[in-house]
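Dear colleague,

I am passing on the structure below, together with notes on what was found in it. Please read the notes with the coordinates open beside you.

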Amino acid sequence: MLDSKIPAGKLEEKWTDYKGHCKLVNPANKRKLEVIIVGTGLAGASAAAALGEQGYQVKAFCFQDSPRRAHSIAAQGGINAAKNYQNDGDSIFRLFYDTIKGGDYRSREANVHRLSEVSGNIIDQCVAQGVPFAREYGGLLNNRSFGGVQVKRTFYAAGQTGQQLLIGAYQALERQVALGNVKMYSRHEMQDIVVIDGKARGIITRNLITGQLERFFGHSVILATGGYGNVFYLSTNAMGSNVTAAWRAHKKGAHFANPCFTQIHPTCIPVSGDHQSKLTLMSESLRNDGRIWVPKKQNDTRKPNDIPEEERDYYLERRYPAFGNLVPRDVASRAAKERCDAGYGVGTTKQAVYLDFRYNLINKYGRAEANKHGIQNPDTETLVRLGKEVVKEEYGNLFDMYEKITGENPYEVPMRIYPAVHYTMGGLWVDYELMTSVTGLFCLGEANFSDHGANRLGASALMQGLADGYFVIPYTMGNYLAGEIGVKPIPTSDRAFVEVEAQVNDRINRLMTIQGTQTVESFHKRLGKIMWEKCGMARNEQGLKEAIQEIRDLRTDFWKNVRIPGGIHEMNPELDKASRVADFLELGELMCMDALDRKESCGGHFREESQTSEGEALRNDEGFMHVSAWKQTGENAWQLDKEPLEYEVIKPTQRNYK
Amino acid sequence: MEHYNMNLTLKVWKQKNADTSGKFESYKVSNISSEMSFLEMFDVLNEQLVREGKEPVAFDHDCREGICGMCSMYINGRPHGPWQGTTTCQLHMRAFRDGDTIVVEPWRAKAFPVVKDLIVDRGAFDRIIQAGGYISVNTGNAQDGNNIPIPKDDADKSFAAAACIGCGACVAACKNSSALLFLSAKVSHLALLPQGDTERKQRALDMVAQMDKEGFGSCTNTGACEAVCPKEIEITNIARLNREYLSAGLATDSKSH
């Protein structure tokens, strides 16, 4: 049975008690202990830096050419922290409460409370590292607001917050590389975990330049390998983002939790054609100042600026007056889909809604600037000019990006946006110490399932990644490794390493000998289409059953007909991709099974059979207040273990943002 | 926006690995939509090559939204192609016309050896950061973030320098293959903040020494780096670096290690 190892005691004292009583490793012993970290995004880089600083011998791996490229870099809007610098009623409890509610009561109270407790430390740490957060004129840190909350607690650096935080973590990591505490292996992709006597003891990697398989030992292994949104083919993830490391760990015994919990982000640039390779997010922070609307008339073909105010339907403000444009992502996405499905969509494909800045540009920023400059009775043109300057400073890079992609100027015409796959709340099951169900194998950041329940609030991914890496794993890793100080490094000539490497080698050979007629990309696209249509924003029993069969058929087809050019012992991006898509073809089935099993709607998981008369998600707390943790029992066969969720402090209610 | 399709000729650098010499190959692609990104056009080419049983063109890319710094194509004689302030992945095909021939090469610099086709090794940039591109603060030591007020103007300037994505276009554009724009952006990012002040002298000296060791050339102030930088990092950062470097060199107490 799964033991979440949540410490006893009062919620707000659990983490303090844990830190006060966990086992420690003395500095001399730390030097003898080796830790493998796969992935160098916010979670992986911060963990590598923090553990290196403590004196552990860290080996860090990434598939990109440099650890600074990890996809955390693309996060735009910000990072939450319960600092209450705005004096607007924020507190650790409030951030905890908002996160649990935002996750639709499907996350653990103890984990989320810990996250909220360390949130403030993250900001302090990042400032100390030199992260250039946005500031007020008085020199103090600035905040903006994000969806699902009524306070301003989001710290940011224009629309490039992820970049700035990752560079901070990357610099801390490189400092440890220079000091010899971390050894960095870039362009290395993990292929499998080596488990010896029930404990994770190493990994097999493929050197993506030479194609050689390599073996690495560690007293423990951390996976910080990000989410699996690319199972949908089109998503806001980077092209290389994949599930492979987590999936291989799953096949070695790690439970995969809540795989169906996927976040569809409401504000992305819509698909423009079949050639599309990825989708681009327009930060949630834009909903601070942008108003979302569609025409009141169906199939209205007028240009947006020609549609008068009274003929616009600001449907989020109409349906959810309390939160308006700042409802959580799942709610905003479904509302956009509802309008488009009902025939009110805009643009050539009619699969888009408007995100319009004109109102705030003029009335909020333009007027404030006019007042500041003492301009009496300014005309609209002046207000636009003044407001534009402020908007540019807040979101300039996002507006530029939109214009490059669409050829339209969002200062002049409203953006067209539509929901797209963005984040996966599900991931490897971990206990309170962030250890998976394989002893000695830990999982951090988006790759684990832990803190966001069925829906993640905006600006919380960066918070979780850095909380896990800087402030949680340094303690919990010590607690585990204290029991391993007597273990001598196992030579990689050990039979266990040889065997796993041989398995990896066999799989690569199998892939390369198929030599069929269809490209890897074509299989990935077909998988994505099945997932988006049947396991996307709305799901139902029949569709999910069909999807499972279709994915099985597609997988069979893949292993018969895929064509991979090039050789094994050389750089071969098509082979890298094929190996990742093969794993997505297995994961997709499990996601559909999980979605089929969860006969309720919660957060990002919307089962059409389970909704209120107003079309809101309807939870079933009696049947499903648990984490669904899937254990693989054979080739594409799983057993479902349930971890009950117990709410001791918060009383779950129907989420209401009205 | 007006949409159109185009047929193009691509002349692309092909090189098996660092040990072999490379050459240009010509390819034809047809029905390329003006709405595609430049890399999506390369996806079309590679799909075509795989179906024909040929080897696709290897190129670096990841986020495809202009922030990870991985993409790195030298297009028609200019890093990242014709658009100002734009990475290769954000360049869109409406920059081209039907019938165009497009020449695509990797970054060319001694410090960036070719790995395969359009992919180069930019590990030298990581090593320059290792030489001092950080603030030496361990996790857990920090004081409250608001205990260090920073004038907004300084914070904004620091941020503008920190926006560098480490793509290496500055090196590729420079006739001397100098990495000074990259290096000066990092020195400026940290030197403009009070947190970075303690180590500013040693940082400038150590990072410049590492740059020289990596085989990058010297800066002769032609400004090609600034002109092609996809993040529009300003050349004034180089002036700031020079001041930092000079004052560090003059200070005797900074030679301690």
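In chain A, strand 10 (residues 256–257) and strand 16 are paired in the antiparallel sense over two bridges, and within this pairing A:Phe256 stands opposite A:Leu428 of strand 16 of chain A. Please keep in mind throughout that this is a predicted model.

The two strands belong to an open sheet of four strands in chain A, whose order is 16-10-18-19 and whose pairing is antiparallel. Its edges are formed by strand 16 (427–428) and strand 19 (637–644) of chain A, each of which pairs on one side only. Helix 17 of chain A packs on this sheet, where it touches strand 10, strand 18 (626–634) and strand 19 of chain A, and the direction of the helix makes about 135° with that of strand 18 of chain A.

Turning to chain B, the domain assignment gives domain 1 (5–115) and domain 2 (123–255), with 30 Å between the centres of the two domains of chain B, taken over C-alpha atoms. Their contact takes 18 residues from domain 1 of chain B and 16 residues from domain 2 of chain B, and the side of domain 1 that touches domain 2 has eight nonpolar, seven polar and three charged residues.

One element of chain B deserves a separate paragraph, namely helix 6 (residues 200–213), whose 14 residues should span 20 Å at 1.5 Å a residue, a value that agrees with the 20 Å between its end C-alpha atoms. The buried residues of helix 6 of chain B are B:Arg200, B:Lys201, B:Arg203, B:Ala204, B:Met207, B:Val208, B:Gln210 and B:Met211, and these buried residues pack against helix 2 (123–130), helix 5 (180–191) and helix 8 (236–250) of chain B. Helix 6 of chain B is followed by B:Gly215, which has a positive phi, near 90°.

Definitions and conventions. Residues are numbered from 1 along each chain as its sequence is written. Chains are lettered from A and ligands numbered from 1 in the order in which they are written. This is a predicted model: local features need pLDDT of at least 70, side-chain atom pairs count only at pLDDT 80 or more; totals for chains, interfaces and linings use all residues. Domain bounds come from an automatic or database domain assignment. Two residues are in contact if their C-beta atoms, placed from the backbone, lie within 7 Å. Ala, Val, Leu, Ile, Met, Phe, Trp, Tyr, Cys and Pro count as nonpolar, Asp, Glu, Lys and Arg as charged, and the others, Gly among them, as polar. The expected span of a helix is 1.5 Å times one less than its number of residues. A residue is buried if 20 or more other C-beta atoms lie within 10 Å of its own, exposed if 12 or fewer, and partly exposed in between; C-beta atoms are placed from the backbone. Two strands pair if DSSP finds at least two bridges between them. Axes are lines fitted to C-alpha atoms, for helices over the stretch in contact, and angles run from 0 to 180 degrees between N-to-C directions.
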